[in-house]
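Here is a short tour of one structure, with the numbers kept close to the atoms. Have the sequence and the 3D view open as you read.

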Amino acid sequence: MKEIIILGSTGSIGRQTLDIVKTYPNLFRVVGMSCNSNIQLFNKQIAEFKPQYVFVNDKSAREKCELNGAVMLGSSEELVSVPLGSIVVTAMVGISGLLPTICAIKAGKDIALANKETLVAGGDLVMALAKEKGVNIFPVDSEHSAIWQSSNYGKAKDIKNLILTASGGAFRGKTKEQLLNVKASDALKHPTWNMGAKVTIDSSTLMNKGLEIIEAKHLFNMPAEKISVVIHKQSIIHSLVTYNDNSVIAELSYPDMRIPIQLALTYPLKIGTKLPELDLTSVGSLTFEKPDLNVFPCLEIAMQCAKKGGYYPCIMNGANEIAVEAFLHDKIGFYDIPDIIDNTLAKVEVKNEITLDGIFEVDLLARNIAKQLLQK
Ligand code: MG
């Protein structure tokens, strides 16, 4: 019986994780859960899964929490540090995932990593700490799970480069002119994957793929130059690994996050899922295109930041979170997102040595500058 702690149980990944727990009640037990503010769903989840420990981030929502015998803790960091639980699913959104992930690693718990901002902002520190503590970081993001599987769970030696596939987001195939006046509601009609609002907007700007390049760089210890992106609108191939002999290994399935989530929980076993078997003849054709960096400048920005490393990805991420939030509330246009990120990157002074305090300092600075740019 594997004891699981889920950070962000009411979000898309959290709900799908609980669906897996429900399918395999003999394999998994939820011992801890947290949410931001969706208290109605959280109360239902507590009643059904009966965790020992919970945390609710939003204060007014916390007062409405029906504990059902659970203990309310004071923070996500406390929640991941309880003596129960061998793996933490980090399914919350944004940089808020970084500190609890570090605390979970310090507590010796494996990480099922669904929060990409953790590695984007703090990849160097997090990977070094995991190595020091002998903790596994299992990817939950579908692309990284595909690379993980295609690289013999990260054990393969002769890897030449990595290819991340992208659905292309809601605005695939559009021109810059067509996108000048799009709204968040247009982006939220995402074609293939069912995801939360932040990820869906990031997907429509291709920033999501940029964040995934940085995530892949850290997870698989690959230079950013060796990671490329290809648009694959069917979302059947979830990513590929090219070996030194130029043979390529890929992972294929219908797009459903329960496969990578479940593998992160059951590794090294691949047990059954409720999903249908892939029928290639019904899929028909698989197509591939180059991403248009002129139409989707966020991907270009992220590629540059991935190559530069240091604090650049952290600054980019902070500015992106602010810009996406503003776009979601129709306060800025689609192309204001890359503009705000670019201008923030130009304004934040970059320090040398990477520390956890430095990351939070730089993140806050980037957010403040991005917020000032929103006013203009
Ligand atoms: Mg992904």
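## An enclosed helix

Which residues of H7 are buried? They are Ser-142, Glu-143, His-144, Ser-145, Ala-146, Ile-147, Trp-148, Gln-149 and Ser-150. Here "buried" means under 20% relative accessible area, "exposed" means over 50%, and "partly exposed" lies in between, with a 1.4 Å probe and protein chains only. Helices (H or I, at least four residues) and strands (E, at least two) are DSSP runs numbered from the N terminus. Because 9 of the 9 residues of helix H7 (residues 142–150) are buried, the helix is largely enclosed by the rest of the structure.

The neighbours that the buried residues of H7 pack against include strand E7 (137–139), strand E8 (159–166) and helix H11 (207–219). E10, E11 and H12 are also among the elements packed against these residues. Contact, here and below, means heavy atoms within 4.5 Å. After H7 comes Asn-152, with a positive phi near 50°.

## How to read the numbers

This is a predicted model, in which local features need pLDDT of at least 70 and side-chain atom pairs count only at pLDDT 80 or more, while totals for chains, interfaces and linings use all residues. Residues are numbered from 1 along each chain as its sequence is written, and side-chain values use heavy atoms, with hydrogens and water left out.

## The magnesium site

Three residues coordinate the magnesium ion: Asp-141 through OD, and Glu-143 and Glu-212 through OE, at 2.1 to 2.2 Å. Donors are N, O and S atoms within 2.8 Å of the metal (3.2 Å for Na, K and Ca), and water is not among the atoms, so sites may look incomplete. Along the sequence, the spacing of the donor residues reads D-x1-E-x68-E. Both Asp-141 and Glu-143 are buried, and Glu-143 is also one of the buried residues of H7.

## Two helices crossing

Now to helix H15 (residues 312–328) and helix H16 (residues 336–347): their axes come within 9 Å and cross at roughly 145°. The axes are lines fitted to C-alpha atoms, for helices over the stretch in contact, and angles run from 0 to 180 degrees between N-to-C directions. The crossing of H15 past H16 is right-handed, a label given if the near helix is turned clockwise from the far one by less than a right angle, with anticlockwise making it left-handed.

On the H15 side, the residues in contact are Tyr-312, Ile-315, Met-316, Ala-319, Asn-320, Ala-323 and Phe-327, and they meet Ile-337, Ile-340, Ile-341, Thr-344 and Leu-345 in H16. Sorted by type, the contact of H15 with H16 has 10 nonpolar residues, 2 polar and no charged. In this sorting Ala, Val, Leu, Ile, Met, Phe, Trp, Tyr, Cys and Pro count as nonpolar, Asp, Glu, Lys and Arg as charged, and the others, Gly among them, as polar. Pro-338 also lies in H16; this residue is buried, with a relative accessible area of 5%, and is in contact with Pro-297, Cys-298 and Ile-301, leaving aside neighbours within four places in sequence.

Most residues other than glycine have a negative phi, and most peptide bonds are trans. Lys-50, not a glycine, has a positive phi of about 45° and sits in the loop between helix H2 (39–49) and strand E3 (53–56). Asn-246, in the loop between strand E10 (237–243) and strand E11 (248–252), has a positive phi near 70°. Lys-50 is exposed, at 51% relative accessible area, and Asn-246 counts as exposed at 51% relative accessibility.

A cis peptide bond joins Tyr-267 and Pro-268, with omega about 10°. Pro-268 is in the loop between helix H12 (258–266) and helix H13 (280–283).

## Cysteines

How many disulfides are there? The count is 0, where a disulfide is a pair of cysteine sulfur atoms within 2.5 Å. The sulfur of Cys-103 is too far for a bond, because the closest cysteine sulfur, in Cys-314, is 17 Å away. For Cys-314, the closest cysteine sulfur is in Cys-305 at 10 Å, again too far for a bond. Cys-314 is buried, at 0% relative accessibility.

Cys-65, in the loop between helix H3 (59–63) and strand E4 (71–72), is buried at 13% relative accessibility. Residues up to four places away in sequence aside, Cys-65 touches Ile-39, Phe-42, Asn-43, Ile-46, Val-56 and Met-72.
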